[in-house]
Amino acid sequence: MSIKVYGFWRSIASFRIRVALKLKQLAFEEVSIDILQGKQFEPGYDAVNPEHVVPTFIHDGHSLYQSLAIMEYLDDIKPSPRLLPEDIKKRAYARSLALMTIADAHPLTVPRVRKHLAKTFGADAKAVEEWGAHWTIEGLSTYERFLARRKPAPFALGKDAGLADICIAGQVVGAQYLKIGLEAFPIVKELSDRCFAMPEFLSSHPFEQPDYKASGGKH
Ligand SMILES: N[C@@H](CCC(=O)N[C@@H](CS)C(=O)NCC(=O)O)C(=O)O
């Protein structure tokens, strides 16, 4: 089986895929597309992914897009260990938690949105950063409220880390970029500390990626 991921160190969606592949113990090659330099818009990458975003996942020559669809596909091709619970109610709840960042919080902070705020609405660097911080905190607050009502045991859906934990950990990575402390989100913090104690999460962290290190370690 050959797996190639077009990703980027800073991409939280790429982080999700890295963790998922490592939890599944599936070997992969990652090709870096510098989305801060606009490489996602170049013709070579347009041929790979016409949405001009990372990640793109290629399995034996078959292309897939969108981190949620890719993670569900991984469960289909390698069911154990599972990323989504078998129980249908728990499975839907795991997807719900996943979408709170994938669909609601994270898309508001990606480069194309930040660029549009600056270019079209004249937002300066400080305003763009405040925008990002606002939506990142909204995402963390949402997770804290949900996890307070349905406590991690010890992971979001039970004894093993899965899809929901990957997504929550990604939201925490977004907070780290903006130096947002997690004091106000103690349950999220405990869950993400537990995740990043695992080598699959830690080695997938943006600051551990070769393209981050090669860039001189600035974020
Ligand atoms: N919903 C997509 C997110 C795709 C996405 O927006 N990726 C970001 C990086 S995390 C990107 O490539 N952005 C490029 C841009 O904003 O120009 C997923 O979960 O895969």
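How many aromatic pairs does a search of the whole structure find? The answer is 10 aromatic pairs, and please keep in mind that this is a predicted model.

A pair of aromatic rings is described by the distance of the centres and the angle of the planes. Take F196 and F201: the ring centres are 6.1 Å apart and the planes stand at 80°, so this pair is edge-to-face. The cut-off for that label is an angle over 60 degrees.

Are these two residues buried or exposed? F196 has 14% relative accessibility, so F196 counts as buried. F201 has 0%, so F201 counts as buried as well. The cut-off here is under 20% relative accessible area.

Next, the cluster. F8, W9, Y177, F207 and Y212 form one aromatic cluster. One of its members, Y177, also has a charge over its ring: the charged end of R10 sits there, 4.1 Å from the ring centre. There is another such contact at Y93, where the charged end of R150 sits over the ring at 4.0 Å from the centre.

Now the fold. Which strand is joined to β1 by four bridges? That is β2, residues 29–32, which runs parallel to β1, residues 3–7. Helix α1 covers residues 12–23, and together with β1 and β2 it makes a β-α-β unit, which is right-handed.

That is what I have; I will take questions now.

How values were computed: Residues are numbered from 1 along each chain as its sequence is written. This is a predicted model: local features need pLDDT of at least 70, side-chain atom pairs count only at pLDDT 80 or more; totals for chains, interfaces and linings use all residues. Side-chain values use heavy atoms; hydrogens and water are left out. Rings of Phe, Tyr and Trp (its six-membered ring) pair if their centres lie within 6.5 Å; planes under 30 degrees apart count as stacked, over 60 as edge-to-face and the rest as tilted. Buried means under 20% relative accessible area, exposed over 50%, partly exposed in between (1.4 Å probe, protein chains only). A charge sits over a ring if NZ of Lys or CZ of Arg is within 6 Å of the ring centre and within 35 degrees of the ring normal. Two strands pair if DSSP finds at least two bridges between them. Helices (H or I, at least four residues) and strands (E, at least two) are DSSP runs, numbered from the N terminus. A crossover is right-handed if, with the strands pointing away from the viewer, the path from the first strand over the helix to the second runs clockwise.
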